[in-house]
Amino acid sequence: MAEQDDFMFAEIFLFIFLGVAIGIFAGLCPGIHINTTIPLLLSLSIFIQDPINIAVLIISVSVTEMFIDQVPAIFIGMPDADTALCVLPGHRLLFEGRGYEAIKLTVVGGLGALLLSLVFIAVAADVFNFLYELSRPYIHFIIIGVVVFMILSEKVPRKIAYAALIISLSGLLGILTLNSSIVRQQNVLFPVLTGLFGLSSIIISFSESSVIPEQGTNNKLKISKKEMLKAIALASFAGIMVGFLPAVGISEAAVMTQYLGGSGSSRGFLMTISGINVANDAFSLISLYLVGNPRSGASVAIQQVVGEPTFFETVFLIGIILFTSGIAAVLTLFLGKKIPKFLARINYRLLTSAILVFIISLVFLITGFYGLLILFASTSVGLLCAFLEIRRSHCMGVLLIQTILFFTGLNPLVISILNI
Amino acid sequence: MKIKKHALIYVCLAASIAGLVLIYIAAINIQAAPVPIAEITFDMVGRSVKTAGFISYRSNHPSGHIFLTITDGDDSIIQVPLFAGFVSSFERDNRQQAITDELRRGALIEVEGLVGEYRGQLQIVPRKPDDLKILYD
C-alpha cells in the first residue's frame with residue numbers, strides 16, 4: 001500500500017515537472033498561448049491512464065507558462081493577449097538598468113495575488129453565481145464607462161482628441177480583424193497585439209537607444225509596501241472578476257483597474273497585470289467546482305478529462321497550483337536575472353534588428369500575408385499612439401470596442417453595415 | 001525636431017488608415033468556402049465556411065439566444081448558436097419578428113460563419129443576418 005502511494009506521488013511529481021518543462025518552452029516561445037498548447041496536451045491523454053494526472057499536467061503547463069510569459073514580453077517586446085500591457089513598463093525598467101526588478105515585480109505580484117485570491121474565493125465562494133448573473137446585463141455599461149474614463153483621463157483637450165482617435169482606430173482594427181476570416185481567429189491576436197504593443201515599442205527603442213544599459217546589482221523593489229499591497233489586492237479582485245465577467249480578458253481588466261482603481265506607478269501596474277493573470281487562472285480552475293462552468297481554455301480541458309471535480313479533487317488541484325507557482329516563480333527569477341545581463345552584453349541594434357526580422361517572419365509563418373498586413377496596420381497605430389505621447393493602453397480599444405459591440409447586441413448590425 | 005515629429009505623426013496616421021483600408025478590402029473579398037457538414041473538422045476552427053443542413057434540434061435560452069443543431073441527414077451534425085444580438089438583427093433585417101419561429105426541426109437552412117469549438121463540439125457562428133438563410137421549412 002505504502003509502495004503504491006509512493007508510486008502515485010512519484011507519478012504526480014513527474015507530471016508536474018513535465019508540465020513545468022513544457023511551460024518554460026511555451027512561455028519563452030513568442031506567439032504560443034496556453035490555448036495553443038492544450039490540444040497537444042489533450043492528445044497526450046491517450047498515453048496517460050489516470051485523468052487526474054492529465055489535469056496535473058495541464059495545470060503545471062498553464063501556471064508555468066503564465067509566469068514565464070512575462071520574460072519575452074518584457075525583454076524582447078513580444079506579448080500575447082494577457083501580457084500586452086507589460087511591454088511598456090517592463091521595457092522602461094529594462095532601459096533604467098532594472099530589468100530584473102521588472103521580472104521580480106511580476107513574480108511578487110503573481111504569487112501575492114494567487115494567495116490573496118484563494119482567500120477571497122474561500123470567503124466569497126457562495127456569491128459568485130449570484131454576481132455572475134447580476135453583472136451580465138450591465139457589463140457593457142461598465143466597459144463603456146471605462147473607455148470614456150480612459151479618454152477623459154488625458155485631461156488636456158488636444159490629448160483627449162488624440163486618445164479618442166487611437167481608441168477609434170484600434171477599435172476599427174479589432175472589428176475588422178476579429179469578425180473576418182482573413183486570418184484564423186485563434187491566431188489573429190498575435191499580429192494585432194505584437195504590432196500595437198511589441199513591434200512599435202521595439203522600433204522606437206531601436207531609434208532611440210543603441211545599447212541596453214548595464215543591469216544594476218541592486219535588486220531591491222522600488223515600490224512602497226502600501227502600493228505593493230494595493231496592486232496585489234486590485235489584481236486578486238480583478239483576476240476573479242475576469243473569471244466571471246463574460247468576454248472581459250486580462251488586459252481589459254488591467255485597463256479597468258488602472259483607471260478605476262488607480263494602480264499607480266508602472267511598477268504597481270506590472271504587479272497588477274501579472275497578479276490578474278495568476279488570480280484568474282486559479283479562479284478559472286476553481287470555478288469548475290464553484291459554478292460548474294469552465295472559464296478558461298485550461299479549465300475546459302480539465303473538465304473534458306475529469307468532469308466536474310469533487311471538493312477534495314479541487315483542494316488537490318489548488319495544491320498543485322500553489323506548488324507549481326513556487327517552482328515557476330523561482331525559474332522566472334532565474335531567467336529574469338540571466339537574460340538582461342546577456343542582452344546588455346550584445347549589440348542592441350543588432351539584437352533589435354534580429355528580433356524585428358524574427359517577429360515579421362514568425363507572423364508570416366503563422367498568419368501568412370494577411371497577418372503581415374494586420375501587423376503593418378497595428379504597428380502604425382501603436383507608433384502613432386507613441387508619437388502623440390498618450391498612454392499606450394488606449395490601443396486596448398482593439399478589444400474593448402469589440403466587447404461593447406458584442407454585449408450591446410450591435411455586432412451583427414456593424415458587420416452588416418461593413419459587409420464583412 | 002518638432003517638424004520631424006509632426007511628419008512622423010502624419011506618416012503613422014496615413015499608414016494606419018491605409019492599413020485599415022487594405023484589411024477592409026481583404027475582408028470583404030474573402031468568400032466563405034462551401035463545405036458539407038461531414039467535412040467540417042477541428043482543423044478548420046477559426047476559418048469561415050458555408051454549409052447547409054436540416055435542423056435536428058432547437059433550444060431557446062432565456063437570454064434570447066437560440067441554439068440549433070443541424071445535420072446532413074446522415075450521422076454528421078454541427079451546432080449553430082444564434083446569439084441574442086444576432087437573433088434581433090435577423091428579425092429586424094427580415095422585417096418579420098416571427099421569422100425565427102421558422103427555424104424549427106426539419107427546416108433546411110444555409111449558414112455561413114466562423115467555425116468554432118465549444119466544450120469539445122464544433123459549431124458555426126453566423127455573424128450577420130445574411131449569414132443565415134431558411135431554404136425551406
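Lys337(A) sits in helix α15 of chain A, which covers residues 311-345; helices here are DSSP runs of H or I with at least four residues, strands are runs of E with at least two, and both are numbered from the N terminus. The model is a predicted one, in which local features need pLDDT of at least 70 and side-chain atom pairs count only at pLDDT 80 or more, while totals for chains, interfaces and linings use all residues. Residues are numbered from 1 along each chain as its sequence is written, chains are lettered from A and ligands numbered from 1 in the order in which they are written, and side-chain values use heavy atoms, with hydrogens and water left out.

With a relative accessible area of 36%, Lys337(A) is partly exposed; buried stands for under 20%, exposed for over 50%, and partly exposed for what lies in between, using a 1.4 Å probe and protein chains only.

For the chain as a whole, the model shows 18 helices and zero strands in chain A. Of its 420 residues, 58% count as buried. The accessible surface of chain A is about 16,700 Å², and carbon and sulfur atoms account for 69% of that surface; the areas come from the Shrake-Rupley method with a 1.4 Å probe. Among contacts between residues at least 6 apart in sequence, 82% join residues at least 24 apart, a contact being heavy atoms within 4.5 Å.

Leaving aside neighbours within four places in sequence, Val71(A) is in contact with Leu28(A), Ile76(A), Ile103(A), Thr332(A), Leu335(A) and Ile339(A). Val71(A) and Thr332(A) are 261 residues apart along the chain, yet their C-alpha atoms are separated by 7.4 Å.

Turning to charged pairs, there are five salt bridges over all chains, each defined by a side-chain nitrogen of Lys or Arg within 4 Å of a carboxyl oxygen of Asp or Glu. One of them pairs Glu96(A) with Arg267(A) at 4.0 Å, N to O. Glu96(A) lies in the loop between α5 (87-95) and α6 (99-124) and Arg267(A) in helix α13 (residues 266-290), so the bridge ties together parts 171 residues apart in sequence. Glu96(A) is partly exposed at 48% relative accessibility, whereas Arg267(A) is buried at 12%. Arg98(A) forms a salt bridge with Glu101(A), their closest N and O atoms being 2.3 Å apart. Both partners are buried: Arg98(A) has 10% relative accessibility and Glu101(A) has 2%. Arg267(A) also meets Glu101(A) in a salt bridge, at 2.7 Å, N to O. This pair links helix α13 with helix α6, its residues being 166 apart. Through shared partners, salt bridges join Glu96(A), Arg98(A), Glu101(A) and Arg267(A) into one network.
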